[in-house]
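Biologist: I would like to learn how to read a structure like this one. Can we go through the features one by one?

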Amino acid sequence: MAKVFFTKDLEKLDRLIDKSELMKAIGKGDEVALKIHFGEPGNKAFVKPQYARIVADKVKRAKGRPFLTDSNVLYHGQRDYTVKHLMVAHNHGFTVEATGAPVIIADGIHSRDYVKVEIDKKHFKEVYIGSAGYYADSMIAITHFKGHEVTGFGGAIKNIGMGLGSRAGKQQMHADVKPEVNEKKCTNCNVCVDNCPVNAISPSKDAIHRVSINLDKCIGCAECIVMCRFDAIAIQWSEATDLIQEKIAEYALGAAKNKADKIAYINFLTDISPNCDCYPFNDKPIAPNIGILASFDAVAIDQASYDLVNKVEGRIDGPDKFRTLYPTVDSTIQLKHAEEIGLGSREYELVSL
Ligand code: SF4
Ligand code: SF4
């Protein structure tokens, strides 16, 4: 059974790392990827640089050479190509001075720098992993655990799966998200038209018709769904989210494949927002700050995070807060598939500091 270490006290990250012996993942002279999300400008819930600093200092004491990394995103935004992405990281405080570690964007300047990793699973024979993540000798995934409109929640599995997939890989994972416009709800405000990264949405030609989506062009990024304030864009959610969750789990397996016991995970259960950190805003947290978890098992740490969020009293009710938020999404699919393909175990022992 996998051990998951837990502290309620955000000041005890240092002790949590010692107690969980996470630095056993680091060998002398290792190049160590600290996989983190730098946060879209306007978003405030991402894991802050001072915590990255604590992890980077620990890695250095273990004689490793840490760098912070993430890969470019698929949709329009400030992190969709490397130079802008680096500026976002810098502007959010992820400077060498603050963290003690440089930033390297995992999939290179044009997002074409990736490694094909063979996994031979249900959806993919091979996955495309950002090379800085793949070629690092060891990795610590530093994850902000929160809600997510497509996968229910986003945790460690999503951080290394979607997060280290190159843009081509992200496109593969999103391929089943096919939006459609509800003509009764649409007001022709054109917000979705302006925010579609691939111009797949055409404005209405007259007041009678509504905006239309060209599914041949659509890359399934789901941006239009979040941007529409009239709830007028829907997806065949159950099928799409089941598939995307399984695909993310397979990408996570690919990202961890050459690391064996050289990869470890830290989940922050803080500012648990309903949406991911890719949006330029945050809604109110769905639960109070819970603490920090650490483990060598990506599935166990996400299962424990999910369980802890569902146990506390928060703004959202129900035995599964993520299901209350997104009624058509079963967020446990990612856990089940990740366990089935051998990424880790849903059974865990929670060790509190
Ligand atoms: S954002 Fe929503 S309401 Fe506005 S045009 Fe698009 S689908 Fe219609
Ligand atoms: S139509 Fe929607 S889901 Fe498709 S690419 Fe455009 S914004 Fe993304």
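This is a predicted model: local features need pLDDT of at least 70, side-chain atom pairs count only at pLDDT 80 or more; totals for chains, interfaces and linings use all residues.

Biologist: Which domains does the assignment give?
Modeller: Domain bounds come from an automatic or database domain assignment. Here the assignment gives domain 1 as 2-173 + 238-352. Domain 2 is 179-235. Their centres, taken over C-alpha atoms, are 30 Å apart.

Biologist: How many residues does each domain bring to the contact?
Modeller: Two residues are in contact if their C-beta atoms, placed from the backbone, lie within 7 Å. Domain 1 gives nine residues and domain 2 gives nine residues. Next, the classes: Ala, Val, Leu, Ile, Met, Phe, Trp, Tyr, Cys and Pro count as nonpolar, Asp, Glu, Lys and Arg as charged, and the others, Gly among them, as polar. On the domain 1 side of the contact, five residues are nonpolar, three polar and one charged.

Biologist: Which residues surround the ligands?
Modeller: A residue is near a molecule if its C-beta atom, placed from the backbone, lies within 6 Å of it. For ligand 1 there are 13 surrounding residues, and the closest are Cys186, Cys189, Cys192, Cys228 and Ala232. That shell has ten nonpolar, three polar and no charged residues. For ligand 2 there are 15, with Cys196, Cys218, Cys221, Glu223 and Cys224 coming nearest. Its shell has 13 nonpolar, one polar and one charged residues.

Biologist: Now the strands. Is β7 buried or exposed?
Modeller: Terms first. Helices (H or I, at least four residues) and strands (E, at least two) are DSSP runs, numbered from the N terminus. A residue is buried if 20 or more other C-beta atoms lie within 10 Å of its own, exposed if 12 or fewer, and partly exposed in between, with C-beta atoms placed from the backbone. Strand β7 spans residues 138-144, and seven of the seven are buried, so it is largely enclosed by the rest of the structure. Both faces are covered. Ser138, Ile140, Ile142 and His144 lie on one side, and Met139, Ala141 and Thr143 on the other.

Biologist: Which strands pair with β7?
Modeller: Two strands pair if DSSP finds at least two bridges between them. β7 and β14 (residues 263-269) run parallel, joined by six bridges. There, Met139 stands opposite Ile263. β2 and β7 also pair in the parallel sense, over four bridges. Val32 has Ser138 as its bridge partner in β7.

Biologist: Where does the sheet go from β2?
Modeller: Strand β2 (residues 31-35) runs parallel to β3, with five bridges. Lys35 stands opposite Thr69 in β3. The chain gets from β2 to β3 through helix α2 (residues 49-61), in a right-handed β-α-β crossover. Right-handed means that, with the strands pointing away from the viewer, the path from the first strand over the helix to the second runs clockwise. β3 (residues 65-70) is mostly covered, with five of its six residues buried. Three bridges then join β3 to β4 (residues 103-105), again parallel. Thr69 has Ile104 as its bridge partner in β4.

Biologist: Which residues have a positive phi without being glycine?
Modeller: Lys63 is one of them, with phi near 70°. Lys63 sits in the loop between α2 and β3. It counts as exposed because it has 12 C-beta neighbours inside 10 Å. Asp120 is another, with phi near 55°. Its place is the loop between β5 (114-118) and β6 (126-130).

Biologist: Why does Gly344 count as buried?
Modeller: Because Gly344 has 27 C-beta neighbours inside 10 Å. Gly344 is in the loop between α13 (332-340) and β16 (348-352). Leaving out residues up to four places away in sequence, Gly344 touches Ala2, Asp297, Ala298, Val299, Ala300, Ala338 and Glu339.

Technical notes: Residues are numbered from 1 along each chain as its sequence is written. Chains are lettered from A and ligands numbered from 1 in the order in which they are written.
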